Amino acid sequence: MPDNGWPADRIDTENAHSARIYDYILGGKDYYPADKEAGDAMAREWPALPVHMRANRDFMNRAVRWLAEEAGMRQFLDVGTGIPTSPNLHEIAQAVAPESRVVYVDNDPIVLTLSQGLLASAPEGRTAYLEADFRDPAAILGAPELRDTLDLSRPVALTVIAIVHFMLDADDAVGVVRRLLEPLPSGSCLAMSIGTADFAPEEVGRVAREYAARNMPMRLRTLDEARAFFTGLDLVEPGIVQVHKWRPDGSGEQGIRDEDIAMYGAVARKP
């Protein structure tokens, strides 16, 4: 064990990791020199990268608050959680409804080790952490951690934030999301952010090459490809838009340019 308590035999400290790069760019502290080097290199290629990443996080905050306040959701399944960053999803949902229940899912050993920050539920609600791979919906849906926390006979909000751009065509990201939604009842919701190069193709393409050079290839999607995730669902207004345009409330950065954002965001209901 290193001094920070992370299991040294499971964590690759020599190579950059997408969750740790994200943590570094957002001003966190749970990263290694390789992640800082990667984040700095990517920001040189696209100086808007920190703005883009913060806008994605702000979208998650707004979407979860809307799901709790307006849609009345009290159960959340967050797949691809990433390193805890306050406010975490359960803090947002439980600020609206303390009885909310949240299951976090990730397969990164760092997230597992830091998951205590995801388990500090309000006493009226409950949170659980599940170590599983997004590409294995059956393992997620059948896990005791999920079944003991969520009631799948009642609506669930599935949140898939900033993860599918790391799933290549062979991973069948659309199929994975559909299999996760399949057992969820009518009234459940899907909230997603989806990486795109539609608005700054050259700059975002250079960032993607930096990721690929570090063994993290990306699959950026067009608007039509993003729509495929929501087939058969009822999109909530304003539909699929860049994340900074999804129900802005003035709490995030102001004056964001479209070309500074490389992520679509949307929320939809299951009929």
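The side chains of Arg 219 and Glu 225 meet in a salt bridge, with 2.8 Å from N to O. A salt bridge here is a side-chain nitrogen of Lys or Arg within 4 Å of a carboxyl oxygen of Asp or Glu. The model is predicted, so local features need pLDDT of at least 70 and side-chain atom pairs count only at pLDDT 80 or more, while totals for chains, interfaces and linings use all residues. Residues are numbered from 1 along each chain as its sequence is written, and side-chain values use heavy atoms, with hydrogens and water left out.

**Salt bridges**

The whole structure holds 17 salt bridges. Three of them are listed below.

| Pair | Closest N to O |
|---|---|
| Lys 245 and Asp 258 | 2.9 Å |
| Arg 135 and Asp 171 | 3.8 Å |

Arg 135 lies in the loop between strand S3 (126-131) and helix H6 (137-142), and Asp 171 in the loop between strand S4 (157-161) and helix H8 (173-181), so this pair ties together parts that are 36 residues apart in sequence. Helices (H or I, at least four residues) and strands (E, at least two) are DSSP runs, numbered from the N terminus. Lys 245 and Asp 258 both lie in the loop between S7 and S8, 13 residues apart. Salt bridges that share partners also join Glu 37, Glu 210 and Arg 214 into one network.

Accessibility is classed as buried (under 20% relative accessible area), exposed (over 50%) or partly exposed (in between), with a 1.4 Å probe and protein chains only. Arg 135 is partly exposed because its relative accessibility is 46%. Partly exposed also applies to Lys 245, at 39%, to Glu 225, at 29%, and to Asp 258, at 29%.

**Aromatic pairs**

A pair of aromatic rings is described by the distance of the centres and the angle of the planes. Rings of Phe, Tyr and Trp (its six-membered ring) pair if their centres lie within 6.5 Å; planes under 30 degrees apart are stacked, over 60 edge-to-face, and the rest tilted. The search of the whole structure finds five such pairs. In one of them, Trp 66 and Trp 246 have ring centres 6.3 Å apart and planes at 85 degrees, so the pair is edge-to-face. This pair links distant parts of the chain, 180 residues apart: Trp 66 is in helix H3 (residues 49-69), and Trp 246 is in the loop between strand S7 (241-242) and strand S8 (263-269). Both Trp 66 and Trp 246 are buried.

The rings of Phe 199 and Tyr 264 are also edge-to-face, because their planes stand at 65 degrees, with the centres 5.7 Å apart. Phe 199 lies in the loop between strand S5 (189-195) and helix H9 (201-213), and Tyr 264 in strand S8, so parts that are 65 residues apart in sequence are tied together. Phe 199 is partly exposed at 31% relative accessibility, whereas Tyr 264 is buried at 5%.

Phe 59, Trp 66 and Trp 246 are linked by ring pairs into a cluster. Arg 247 lies over the face of Trp 246, at 5.5 Å from the ring centre. For this contact, NZ of Lys or CZ of Arg must be within 6 Å of the ring centre and within 35 degrees of the ring normal.

**Second largest pocket**

The second largest pocket is lined by 13 residues, and His 244, Pro 248, Gly 252, Glu 253 and Ile 256 lie nearest its centre. On a 1 Å grid over the protein atoms alone, a pocket is an open set of points where a 1.4 Å probe fits, with protein on both sides within 12 Å along at least five of seven lines; lining residues have an atom within 4 Å of a point. The lining divides into three nonpolar, six polar and four charged residues. Ala, Val, Leu, Ile, Met, Phe, Trp, Tyr, Cys and Pro count as nonpolar, Asp, Glu, Lys and Arg as charged, and the others, Gly among them, as polar.
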